[in-house]
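Hi,

Here is the structure for you to look at. My notes follow below it.

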Amino acid sequence: MKEKVIERLVRYAKIDTQSDFNSNTTPSTMKQFDLLNVLKDELADIGLTDITLDENGYLFATLESNTDKDVPTIGFLAHVDTTSDYTGTNVQPQRIDNYDGEAITLKNGLVMAPDYFPNLKNYVGQTLITTDGNTLLGADDKAGIAEIMTAMEYLVNNPQIKHGKIRIAFTPDEEIGRGPHKFDVEKFNADYAYTLDGGPLGELQYESFNAAGVKVTTRGTNIHPGSAKNKMVNSITMAIEFQNAMPKDAVPEKTDGYEGFIHLMHFNGGIEESTMSYIIRDHDRPKFEEKKEYMAKVGKEMQAKYGEDAITVAIEDQYYNMGEKIEPVMEIVDIVKDAFAKFDITPIVEPIRGGTDGSQLSYMGLPTPNIFAGGENMHGKYEFVSAETMEKATEVIIEIVQLFEQRS
């Protein structure tokens with residue numbers, strides 16, 4: 001099973017599937033279909049049925065029940081896109097067997113050292129899949145895809161393992177907060193689901209941020225600098241003024257746990273027009289609303305100063321804290337804890353400080369906690385994943401479906 005998940009992850013990781021925050025299409029990039037079409041064929045080869053891939057990039061499949069019991073239909077989900085934070089073009093994964101706990105050499109003189117990444121010490125003796133230093137890896141969430149595919153293949157090949165109906169979904173655009181926007185919950189037709197989109201071994205999450213995306217546009221007037229006095233209006237300086245009004249400590253690099261933030265992710269500026277893309281995150285709904293109101297207020301103040309057309313602040317909610325929808329059905333979390341216990345995995349139950357499709361899906365009527373997939377240092381050139389952790393995640397999937405059958 002370990003070699004299966006390694007082979008799948010490496011193969012999937014080499015397919016560029018980065019999403020694009022600035023695109024208005026679904027999926028946001030057509031290259032996500034490059035992996036979706038591979039997965040569609042692979043699901044058929046494994047033996048799943050009712051396979052559909054729609055024009056928006058949602059791939060569904062079914063593993064039919066093999067028990068006479070009335071078992072809830074359980075879904076497993078992972079997203080095909082990778083973040084735009086760092087390049088995902090020409091990914092060349094490295095395999096390190098029996099990791100010795102020392103620094104890992106990447107290309108271009110880069111070194112991933114335990115003194116800077118102490119989490120590496122947790123993986124001595126294991127098989128690591130890393131980047132080569134030029135790209136991200138894409139274990140977020142291609143590790144989750146590999147685990148789900150491998151678990152389904154195992155169940156097909158071992159029909160003595162009893163389970164209810166299982167639904168699979170591979171989805172686009174999770175990294176830009178739009179993963180479930182066109183997800184057909186009724187068509188998916190599952191009672192509960194799990195995303196395989198977490199980090200290290202044991203992560204189990206059913207609380208998430210409330211989330212919004214913000215696009216700020218400033219508009220100026222370009223005049224030759226030699227004759228610009230009292231005429232030029234520089235949109236770049238207006239954008240900087242807006243950013244300087246944001247809270248200095250409510251940023252990702254200074255927050256953790258349940259603390260929220262306002263995060264400037266992208267800036268593109270010129271004299272005539274500048275744009276900034278932000279995300280707002282907070283587990284607490286009132287504090288979340290306060291952050292949105294504050295950004296809108298700063299925009300209004302700058303409109304009063306420079307003119308109504310000089311700046312726009314467009315705020316769009318992305319998802320809400322899924323804990324509100326999962327707490328009434330906490331048995332779906334308890335089953336995961338019991339599956340962990342079989343493999344001596346200590347649950348790490350903490351709020352998600354990132355996006356997951358389960359946040360939106362839970363509010364759409366499909367309670368969806370999040371389970372570890374194994375990735376570490378995600379969204380950058382130091383990303384890596386342990387093959388042993390991926391194998392454990394695969395085993396957890398298999399155990400979860402057995403527990404639902406046994407308890408029905």
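**Helix packing, core and strands**

Helix H1 (residues 2-13) packs against H10 at an angle of about 110 degrees, and their axes are 9 Å apart. Axes here are lines fitted to C-alpha atoms, over the stretch in contact for helices, and angles run from 0 to 180 degrees between N-to-C directions. H1 and H10 are therefore roughly perpendicular to each other (65 to 115 degrees; under 35 is roughly parallel, over 145 roughly antiparallel, the rest oblique). From H1, the contact uses Lys-2, Val-5, Ile-6 and Leu-9; from H10, Ala-387, Glu-388, Met-390, Glu-391 and Thr-394. Contact means heavy atoms within 4.5 Å. By class, this contact of H1 with H10 has 5 nonpolar, 1 polar and 3 charged residues. Asp, Glu, Lys and Arg count as charged; Ala, Val, Leu, Ile, Met, Phe, Trp, Tyr, Cys and Pro as nonpolar; the others, Gly among them, as polar.

Before going on, the ground rules. This is a predicted model: local features need pLDDT of at least 70 and side-chain atom pairs pLDDT 80 or more, while totals for chains, interfaces and linings use all residues. Residues are numbered from 1 along each chain as its sequence is written, and side-chain values use heavy atoms, leaving out hydrogens and water. Helices (H or I, at least four residues) and strands (E, at least two) are DSSP runs, numbered from the N terminus.

Back to Thr-394, in helix H10. Thr-394 counts as buried because its relative accessibility is 0% (buried is under 20% relative accessible area, exposed over 50%, partly exposed in between; 1.4 Å probe, protein chains only). Leaving aside neighbours within four places in sequence, Thr-394 is in contact with Met-1, Val-5, Glu-147, Thr-150 and Ala-151.

Now the core. The largest nonpolar core has 68 residues; Phe-76, Met-152, Phe-170, Tyr-194 and Ile-400 touch the most other members. Such a core is a set of buried Ala, Val, Leu, Ile, Met, Phe, Trp, Tyr and Cys residues joined through side-chain atoms within 4.5 Å. Helix H10 (residues 387-406) supplies the largest share, 10 residues.

Phe-76 sits in strand S3, where Ile-74, Phe-76 and Ala-78 point one way, Gly-75, Leu-77 and His-79 the other, and all are buried. S3 (residues 74-79) runs parallel to strand S8 (residues 166-171), joined by 6 bridges. Pairing requires at least two DSSP bridges. Phe-76 has Ile-168 of S8 as its bridge partner. S3 also pairs with strand S9 (residues 192-198), in the parallel sense, over 4 bridges. There, Leu-77 stands opposite Thr-195.

Best wishes
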